[in-house]
Structure formats: C-alpha cells, structure tokens
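Welcome! Here is a short briefing to read alongside the sequence and the 3D view. Take a moment to look around first.

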Number of protein chains: 2
Amino acid sequence: MSVMYNRVALIGLGLIASSMHWAMKRGGLAGEVTGYARSEETRETARRIGLCDRVCDSAAEAVEGADLVVLCVPVGVMGAVAAEIKDALAAGATVTDVGSVKRDVIAAVGPHIPENVHFIPGHPMAGTEYSGPESGFAELFDDRWCFLVPVEDTCPDAIAKLRAYWEALGSNVEEMDAEHHDLVVAVTSHAPHLIAYTMVGVADDLRRVTDSEVIKFSAGGFRDFTRIAASDPTMWRDVFLTNKDATLEILGRFTEELFALQRAIRTGDGDHLFDYFTRTRAIRRSIIDAGQDTDAPNFGRTGTPKS
Amino acid sequence: MSVMYNRVALIGLGLIASSMHWAMKRGGLAGEVTGYARSEETRETARRIGLCDRVCDSAAEAVEGADLVVLCVPVGVMGAVAAEIKDALAAGATVTDVGSVKRDVIAAVGPHIPENVHFIPGHPMAGTEYSGPESGFAELFDDRWCFLVPVEDTCPDAIAKLRAYWEALGSNVEEMDAEHHDLVVAVTSHAPHLIAYTMVGVADDLRRVTDSEVIKFSAGGFRDFTRIAASDPTMWRDVFLTNKDATLEILGRFTEELFALQRAIRTGDGDHLFDYFTRTRAIRRSIIDAGQDTDAPNFGRTGTPKS
C-alpha cells in the first residue's frame, strides 16, 4: 500500500475507469478517487456500488485539487471534456487519457491543457467485451501492456511517476510515439475488431441460413469472433473515425491477402493454402510463449461452454 | 456402460478419432476399438498412449469385423481410404466419417461402399486448435453439435443407432441434407477460419510493425483470431478446396460488407458504424444464451493469460 497520487479524478466511468478504481483500491495507490460521468444513471450506479470515493456532478468539480486526471471517455469527446475541465485543473497536475487512438486525442486535447499542467497521453491495452460502470475489476490490467505516448518536452519526472502508477495497477508499460502507436493498434486491435464485426454482421445477414442455426452451430469457429464484436459500439465507432488512415491501410492489406487466398481456393492451389496456414499456426505459438494468451484448448472453454 | 457397437474402427488417429476413443472408453460404448493411421509415427504414438485397443498396420485390417467404421482423415483423402477398405468391410456394417464437408465426401466415398454396408456421413462440429493423436480428450463432444447427413434410402435403424452413439459420446445430433450442411458450416466455421487465417497472415506480413510488437500487443483483439488460425493446415486446406462454392459465396458477401464499413469509415458515417456494432453485440448475447459460449469476460482468460 503506497499512495502515488493524493487525488485521482476519473472522468467517464466505464469499464476502464471502474477497473482503474478497483485496481487503485487493491494497491492503495490514491488518497482519494473522485469520479464523474455525463449520464446521471451512471453516476447513480457508481454511488450505489461504491465506485469512487466521491462521485461529482460536474467534470470540473471532479478534477479540482486532483494531481492526476484520467480522461476515460470515448475518443470522440476527449476534446470537449478537456475544454470542460481546463479551468479547474490544479497547477502541477498530470492529465492523461486511456483512448485507443493517440494522434487524434493529442490534437483534440493538447490545445486545452494549461502551461502548468502535464499532459501525458496513455492507452492501457486491456478490456473485455463488457462495458459500463459495473463491468470493471481490479485485475483487468495485470500483465497487460499500457502505452504511454508523451508529447515533446514533457517533464521526465511526471512521465516516470505515471509509468510507476500504471505498473502499480498491474501493467507493463511501453513508450512510443503517437504515429507508431496508431499503426501498432490498427494491426493488433482496430483492424481485427472491424473484421470481427463484419464477419458477425454477415452471418446475421444471411437469409439462407437461419439466425438460430448460426447461433446453434457457432462453436465451429464463428463464436470466437463474437466476443470482440460485442465490444462497446460508441467506443469503437470513435476509434475507427479517429484512426481512419491506419485502419484503412491495414484493411486494404487484409483485402489484398484475402483475395489471394480466395484465388487459391478457386484455382485449387492447395500448396499456397497449406503454407499460409502453417505460418499462422506458428504465430499463435509465439503469442502463448510471450504470455499473451492461454495455451488451454478452446481458450479453456472446452466442455463447459456455460457455467 | 452399454456397448453400442461390438467393434469400432477408427481410420486416421488425430484430434477427432482420439477424442472419440476416449469418449467411447468413458461411456463403455464399444466392445473393441481398432485404429489405423497412415504414418508409422502416429501408430507408434497411439500404441504408446493406449489409444485404441488394437492399432493395425493397414486400414483393411482395422475394419475387418467392425460393425462401425469411422473415417477420421482429411476430406481430401476420404475417397482413397474408402477404396482401401471397401473389400474388407463386414456385411451390415455402418461406415461414417467426421469430415467438415459433406457433398464432396459423399461423392468421393459413396461409390466405394458395398451394397450390404450402410453409409451415413457425419460431422461432429467440435475441435480445438490442436491436432494429432495426443490432442484428444473424452469431453470434446460434450454439448457440441454433431451433424448426420444421410443419403437417400438409408436404413432408418442404422441412422437411429448412429444417432444414439453420438448422443452417448456427449453430442446433440442434428440431421440435414448435404447442401444445407455445407452452407451452414461455410457460414459458421469455414469462412470464419479463412478470415482468421488472413488476419493473422496480414499482421505477420507487415514490415512497419515488427513481429514482436504484433505478438506483445496481441491482447488488443488480434489474439482472438490466432486460436482458430492455429488449426490443422492439412485439414483446412482440404476443407476449402472441397467446400469451394459455399465458402467463396460467403467470402463474397463478407467482402461486400467490409467495403461498406470501410466506406463508412472513410466518409465519417458514424451512425452506420454504431448501428452495425450494436447489432453484432446482440448476436453474442444469443450465443451465450444458447449455451454455445461462456459469458466470462475475455473467454475467462482475464488476468491469467498463462497458467
């Protein structure tokens, strides 16, 4: 138990903020945690379940006197929220965010940050398919990566402190620049999500196979896509609209590759398919070796699909 | 414990056959289980781990006197295996298979089946990303679906017996015709696998994001694809080559839908994206309600990616 920030303000109270709250409580990392959510319903839920020491009725009130302010709202509204709080920020405070896109957030939030406040963009690469104030849990960040994407001339001490804080929340921290970050997440997260959404949408859309058949027989592979295609619609809409270029680039490459495989199927080129499928198998092995996934068959779900 | 077939011959000793063996032992469903695999290495492994009561050195020897013969080889070699065993099949025996494609298997195997033998094509929709004789386990078929795809004029008693056998192995059984089967699995299994293979291949192929970054940061969504993209390359090559039409049809629909979403990203049509993502979220809910997946966040992997 060691307090790292005296007051931490969480603006937006969804999956990430609520998990940060419980992880802070687990580690005793904050003197006080304040919180704010735009919707009254969310604020009431937060109060009911003890999410935040103090739930405020405005973002400005929540950030007053906070030495760490974390913007946990969809990336599309980061700029507006920054404008709301800018006059209430304490001198010397650090403002960070948890948005999945960094160039756009920096452009939207940066101009609102006062001279005497540190702005250190961040992105914990952790989540589940659930959202809202009741979906958080203290272990969400354990052994997951958190990106810090410092802008130029940021105070090294403020960065080091934020890094130590994320490590205390359970994460491994990696620093990189915004452009590279947005490309890395386009590959590892954004494009996969769009592909999953598309596949699930297509299956739902087919008229010759009934909905109930798609659902009944989903264990053949389809169900693996449905988890990430169940992620928060608002968050993901904003991600794609703000990381447009990198996502479209990867999707272009994906389509190219898909066409090559379709052509191999059409022309009966079994060797091309076999070689491709052998290569992708090796990648899974690397991910398991890197501790980024379980090696239990079927993600450990086998035989007990529903507890 | 009730013996349903006096002698069951498993031809091909991979994930499905080995799981059938252990499930038969669990339920005491077979008097004797014989087995054959083309590779001597696989036969030796089978003998070492006690897979099958008797491992034979030819397919013909394995099927002698068997009242149930199960073809558990990749669909591309089903016809050749049927030709190998046809003269050794006992009168009144039932031949079935576990191939993921049915029209092609029926066309390849059917002509080799003697008049006095029942041929009842089957497809247990169960598996993991692992393959080989050591990957099987008794629970693989529990609560999963198994398709039976009887051809015309098949003896109803033989079908009823095979159905009861699959139910005793743990499965739910669904009968349908071959054409509909091949379409259903194209949607729920074959197209998702090809999409996953493609996504994993693309990520591996990118030069601007290093391999180690793709692996390190895979928990952002990418890792969900890698499981099914780690499935057996030979099996899947054959699936795509033999269920060509249905798979290409679904992939065509997929591409169309993907282009519509790409256009929405490019033009900034947030409403289209939001509506699409809301719909796909509901489908996951249905799959969980149908008992076909776990409702634990991250498939239950959270916080403990590697045990």
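This is a predicted model: local features need pLDDT of at least 70, side-chain atom pairs count only at pLDDT 80 or more; totals for chains, interfaces and linings use all residues.

## Two copies, one axis

**How the copies meet**

- Of the interface residues of chain B, 100% are also interface residues in chain A, so the copies meet through the same surface.

**Chain A as a whole**

- Chain A has a secondary structure of 12 helices and 9 strands.
- Its radius of gyration is 21 Å, close to the 19 Å that the globule rule gives for 307 residues, so chain A is as compact as a globular protein of that length.
- Taken along the principal axes, the box filled by the C-alpha atoms of chain A is roughly 65 × 45 × 35 Å.
- Of the 307 residues in chain A, 62% are buried.
- The accessible surface of chain A is about 10900 Å², and carbon and sulfur atoms account for 48% of that.
- If you take the contacts in chain A between residues at least 6 apart in sequence, 74% of them join residues at least 24 apart.

**A sheet of 3 strands**

- Look next for the open sheet in chain A, where 3 strands run in the order E7-E8-E9 with mixed pairing.
- Strands E7 (122–125) and E9 (172–175) of chain A stand at the edges with a single partner strand each, so one side of each has no neighbour in the sheet.
- From one strand to the next, the twist averages 20°.
- Strand E8 (residues 145–148) of chain A pairs with E9(A) in the parallel sense, over 4 bridges.

**Helix H10 and its cover**

- Which residues of helix H10 (residues 233–242) of chain A are buried? They are A:Pro233, A:Trp236, A:Asp238, A:Val239, A:Phe240 and A:Thr242.
- Within chain A, the cover over the buried residues of H10(A) includes helix H5 (103–109), H7 and helix H11 (244–267).
- Chain B contributes to that cover too, with helix H11 (244–267) and helix H12 (270–289) of chain B included.

Terms used: Residues are numbered from 1 along each chain as its sequence is written. Chains are lettered from A and ligands numbered from 1 in the order in which they are written. Side-chain values use heavy atoms; hydrogens and water are left out. Two strands pair if DSSP finds at least two bridges between them. Helices (H or I, at least four residues) and strands (E, at least two) are DSSP runs, numbered from the N terminus. Axes are lines fitted to C-alpha atoms, for helices over the stretch in contact, and angles run from 0 to 180 degrees between N-to-C directions. The radius of gyration is taken over C-alpha atoms; the globule rule is 2.2 Å times the number of residues to the power 0.38. Buried means under 20% relative accessible area, exposed over 50%, partly exposed in between (1.4 Å probe, protein chains only). Contact means heavy atoms within 4.5 Å. Accessible areas come from the Shrake-Rupley method with a 1.4 Å probe; for residues, only the protein chains shown count as cover.
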